[in-house]
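Here is a briefing on one protein model. Look over the sequence and the structure, then read the notes by topic.

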Amino acid sequence: MDFFDKVKLLGEQAKFDLCGDCFVSKEIRRVKDINLSQWIYPTTLPDGKKVRLLKILMSNICENDCAYCPVSSLTKVPRISFSAEELAAGFMRLHRARLVSGLFLSSGVKYNPERTMQEMLDTVAILRRKYNFRGYIHLKILPGASLQSLETAFKLASRVSVNLEVPDEKYIEKISSYKNFAEDLLGKLKVISYLKKNNPSYLRDGFTTQFVVGAAGEKDVEIISRTYELYRSLRLSRVYYSAFQPVLGTPLENSPSTPPIREVRLYQADFLLRRYGFRIDEIFFNEEGNLSTLEDPKTIWANRHLDFFPVEIGSATYEELIRVPGIGPKSARKILALRKGISHLDLETLCLRIPTFRRALPYITVRGKKPVTMAEIKALF
Ligand code: SF4
């Protein structure tokens, strides 16, 4: 099996790992009859730079038994692996052809987590030292990898991730009999956080985690509470949420899939905590401990705090503006910039310049005037 045949299989099986704001490329890129667009993900890095990631597994051999996973030891799929040299050389061929500019490398646990982690680190070391590749590399830390491997990954990769998968120890046994939540998963994130705090120049794109939402019966309040703690105490760069989808041949093949709206609401709540300065006690959960599927968490907060409104667009602070539904950090900055340039900011200008401003209308005043009637609002569009 040559490099591209392996990319076809190991790229397909790597798609369940989230690695940034990545979405599948729509561009058709064919190399040796393989449509690489399926495994190349255009992604925006924290500094705004755009990269094309090759997302790939080192191996789909895995001794673990994660119940949702298509390559666990319980499933029947053809098993293949790259060698470190083969993967590094193949990646560089794609890089030189300008098809990819970054690598996301994960793997099944092949026989022994430390041995597999070492092979992944060898791949990255070859890219960095032999090929002098200075671009983006996101490296998955395997459960069971040693502290020494963690330190090496910390020095070689641009970003690393440890997937918690579930928010609490009590759920881990529902999805895996091998993984140890406190020591192996959360414990590793704590070590990475410690290393980053003491060596801020390494791991320039930070470290992340991922939850498989709905696979273990966990509640949104548990996921978001864990997220809040990860951002506050460990300074995680990002938390990703992947709505569980049953895969044929796995122990969970007959379990219901998680509705995509649940994933959307988790990202919205995450944004409020990470970018809008909301506290965990400002996120509303229903009696079952879940976010509403009907309304986004910011609108729910606004409707439960009507005494905070209306916000006067002409004088509100940035912090006040981003509390208004329909106004995010980018729109708030735009309003502040418009206020400097235009002496009499009016509703028409705001609606023209900010596409989501219609949602803000019930919560604002402009020059002391509230757009109260629907006729007034409709007249603006
Ligand atoms: S460790 Fe679990 S999630 Fe990762 S490849 Fe193995 S079975 Fe799949």
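Beyond its neighbours within four places in sequence, Ile327 is in contact with Leu321, Ile322, Ala332 and Ala360. Contact here means that two C-beta atoms, placed from the backbone, lie within 7 Å. This is a predicted model; local features need pLDDT of at least 70, side-chain atom pairs count only at pLDDT 80 or more, and totals for chains, interfaces and linings use all residues. Residues are numbered from 1 along each chain as its sequence is written.

- Ile327 lies in the loop between α10 (318–321) and α11 (329–341). Helices (H or I, at least four residues) and strands (E, at least two) are DSSP runs, numbered from the N terminus.
- Ile327 is buried, with 26 other C-beta atoms within 10 Å. The cut-offs are 20 or more other C-beta atoms within 10 Å for buried, 12 or fewer for exposed, and partly exposed in between, with C-beta atoms placed from the backbone.
- Phe357 is 30 residues from Ile327 in sequence, yet their C-alpha atoms are 6.7 Å apart.
- Ile322 also sits in the loop between α10 and α11. It counts as buried, with 22 C-beta neighbours inside 10 Å.
- Not counting residues up to four places away in sequence, Ile322 touches Tyr276, Ile327, Gly328, Pro329 and Ala332.
- Tyr276 and Ile322 are 46 residues apart along the chain, and 6.5 Å separates their C-alpha atoms.

**Overall build**

- The secondary structure comes to 13 helices and 11 strands.
- The radius of gyration, taken over C-alpha atoms, is 23 Å.
- Along the principal axes, the C-alpha atoms fill a box of roughly 70 × 45 × 45 Å.
- Buried residues make up 39% of the 381 residues.
- Among contacts with a separation of 6 or more, 67% are between residues 24 or more positions apart.

**Helix α2**

- Helix α2 covers residues 84–96, which is 13 residues. The expected span is 1.5 Å times one less than the number of residues. That gives 18 Å for α2, and its end C-alpha atoms are 18 Å apart, which agrees.
- The buried residues of α2 are Leu87, Ala88, Phe91 and Leu94. Seen down the helix axis, they fall within an arc of 125 degrees, so they line one face of α2. The arc is that of the directions from the helix axis to the C-beta atoms.
- An α-helix has 3.6 residues a turn, so residues three or four places apart point the same way.
- Glu85 and Arg96 are exposed on the other side of α2.
- The cover over the buried residues of α2 includes β4 (50–57), β5 (102–106) and α3 (113–130).
- Arg98 follows α2 and has a positive phi, near 60 degrees.

**Leu105 in strand β5**

- Leu105 is found in strand β5. It is buried, with 26 other C-beta atoms within 10 Å.
- Leaving aside neighbours within four places in sequence, Leu105 is in contact with Ile56, Met58, Met120, Thr123, Ile137, Leu139 and Lys140.
- Pro70 and Leu105 are 35 residues apart in sequence and 17 Å apart in space, C-alpha to C-alpha.

**Ligand shell**

- Cys62, Asn64, Cys66, Cys69, Val71, Ser72, Gly108 and Val109 surround the ligand. A residue counts as near a molecule or strand if its C-beta atom, placed from the backbone, lies within 6 Å of it.
- The shell divides into 5 nonpolar, 3 polar and no charged residues. Ala, Val, Leu, Ile, Met, Phe, Trp, Tyr, Cys and Pro count as nonpolar, Asp, Glu, Lys and Arg as charged, and the others, Gly among them, as polar.

**Backbone geometry**

- A cis peptide bond, with omega about 0 degrees, joins Phe309 and Pro310. Pro310 is in the loop between α9 (297–304) and β10 (311–312).
- Tyr111 is not a glycine, but its phi is positive, about 65 degrees. Tyr111 lies in the loop between β5 and α3, and counts as exposed with 12 C-beta neighbours inside 10 Å.
- Arg235, not a glycine either, has a positive phi of about 60 degrees. Its place is the loop between α7 (220–234) and β9 (238–243). With 13 C-beta neighbours inside 10 Å, Arg235 counts as partly exposed.

Notes: Rg over C-alpha atoms; globule rule 2.2 N^0.38 Å.
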